[in-house]
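Subject: Structure handover

Hello,

Here is the structure for you to look through. Please open it first, then read my notes below.

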Amino acid sequence: MKQPFHLVEFSPWPILTAFGTLCMPIGLVYYIRLGDYYLLLLGNVLVMFIAYMWWRDVVRESTFQGHHTTYVVKGLKAGFILFITSEVLLFFSFFWAYFHSSLAPTLEIGSVWPPVGITTLSAFQVPLLNTSVLLLSGVSVTWTHHSLEKGDVKSALQGLFLTLALGFYFLWLQYGEYSETAFSIADSVYGSVFFIATGFHGLHVMVGATFLTVCFLRMAALHFDKGHHLGFLAAAWYWHFVDVVWLFLYVSIYWWGS
């Protein structure tokens, strides 16, 4: 009986992924307690290898075998939206910790915010430049999307290349900013929340840039067309999410918090 859904073949990747992810926390405990990093390294290498192989299979199923029907695509979109929702909740916890500490500072940090001894970063120097860079990258990724929908692959590649350049420039600026901060993650609750929130955002920028790099290579290989570019669409959604989170970080931590 014909049906529009994709019934996946038997795959070794789920059980191997479970084994690899099990190795990572156990290996981290071994590294912290005994200094032995081999199990942690094995877990990381295994997960990265499986991720490549699994996504390779998904690309083959969608691009060459045509298994991603409109019904399948609809389900994949819903799944990715749920993933972004979970990311929103992750950053919500960081903002909760920040505002809980900043709106009612305790005696332990001097009853003031920022805490005594913390020299905050100027909101109108590198952080403002980073904001401009990410906002511009959001414009360029939208340019890529519209070019792709019109079938102009050359223009789409140009826009995506600019997006990647801006994304990696943001990471370079953030690295320079971290090198010059007068406080560390161990300096009061401010240092902890600052580096956790902005550091996790930087990690998301790195993941998003990797996501878009794969899309750039696939676009150059003509894997995408007007009606079939879900891989890029998911990457663009993720990149816009990263942009919006940075705006909240900039306004709350860099501008209002200083």
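Is G257 buried or exposed? G257 counts as buried, because its relative accessibility is 3%. Buried means under 20% relative accessible area, exposed means over 50%, and partly exposed lies in between (1.4 Å probe, protein chains only).

Two notes on the source. This is a predicted model, in which local features need pLDDT of at least 70, side-chain atom pairs count only at pLDDT 80 or more, and totals for chains, interfaces and linings use all residues. Residues are numbered from 1 along each chain as its sequence is written, and side-chain values use heavy atoms, with hydrogens and water left out.

The whole chain

The chain has 7 helices and 0 strands. From the N terminus, the order of elements is α-α-α-α-α-α-α. Helices (H or I, at least four residues) and strands (E, at least two) are DSSP runs, numbered from the N terminus. The C-alpha trace spans about 70 × 45 × 30 Å along its principal axes.

Of the 258 residues in the chain, 38% are buried. The chain exposes about 15,200 Å². Carbon and sulfur atoms supply 72% of that area. Accessible areas come from the Shrake-Rupley method with a 1.4 Å probe; for residues, only the protein chains shown count as cover.

Now the contacts, where contact means heavy atoms within 4.5 Å. Take those between residues at least 6 apart in sequence: 73% of them join residues at least 24 apart.

There are 10 positive and 13 negative charges. Their mean positions are 16 Å apart. Lys and Arg count as positive, Asp and Glu as negative; His and the chain ends are not counted. The place of a charge is NZ of Lys, CZ of Arg, CG of Asp or CD of Glu.

The largest pocket

The largest pocket holds about 1,700 Å³ of space. It is lined by 46 residues, and W54, W55, V58, V59 and F211 are the closest to its centre. Elements that give two or more residues to this lining are α1 (13–34), α2 (38–64), α3 (70–103), α6 (188–220) and α7 (230–256). The largest share, 11 residues, comes from α2.

The term needs its rules. On a 1 Å grid over the protein atoms alone, a pocket is an open set of points where a 1.4 Å probe fits, with protein on both sides within 12 Å along at least five of seven lines; lining residues have an atom within 4 Å of a point. Grid points are joined across faces, edges and corners, and the volume is the space filled by probe spheres set on the points.

Around G257

Back to G257. It sits in the segment after α7. Which residues does G257 touch, not counting residues up to four places away in sequence? They are Y98, W113, P114 and S252. G257 and A123 are 134 residues apart in sequence, yet 9.4 Å apart in space, C-alpha to C-alpha.

Two of those contacts, W113 and P114, are joined by a cis peptide bond, with omega about 0°. P114 is in the loop between α3 and α4 (126–150).

Two positive phi values

S188 has phi near 65°, a positive value in a residue other than glycine. S188 is in helix α6. It counts as partly exposed because its relative accessibility is 29%.

L222 also has a positive phi near 65°, and it too is a residue other than glycine. L222 lies in the loop between α6 and α7. At 62% relative accessibility, L222 counts as exposed.

A197 is in helix α6. Its relative accessibility is 2%, so A197 counts as buried. Leaving out residues up to four places away in sequence, A197 touches F91, F94, L249 and I253. A197 and Y98 are 99 residues apart in sequence and 9.0 Å apart in space, C-alpha to C-alpha.

F168 is in helix α5 (residues 153–180). With a relative accessible area of 44%, F168 is partly exposed. Beyond its neighbours within four places in sequence, F168 is in contact with A209 and T213. The C-alpha atoms of F168 and A209 are 7.3 Å apart in space, and the two residues are 41 apart in sequence.

H146 is in helix α4. H146 is partly exposed, at a relative accessible area of 47%. H146 and T70 are 76 residues apart along the chain, and their C-alpha atoms are separated by 20 Å.

Best wishes
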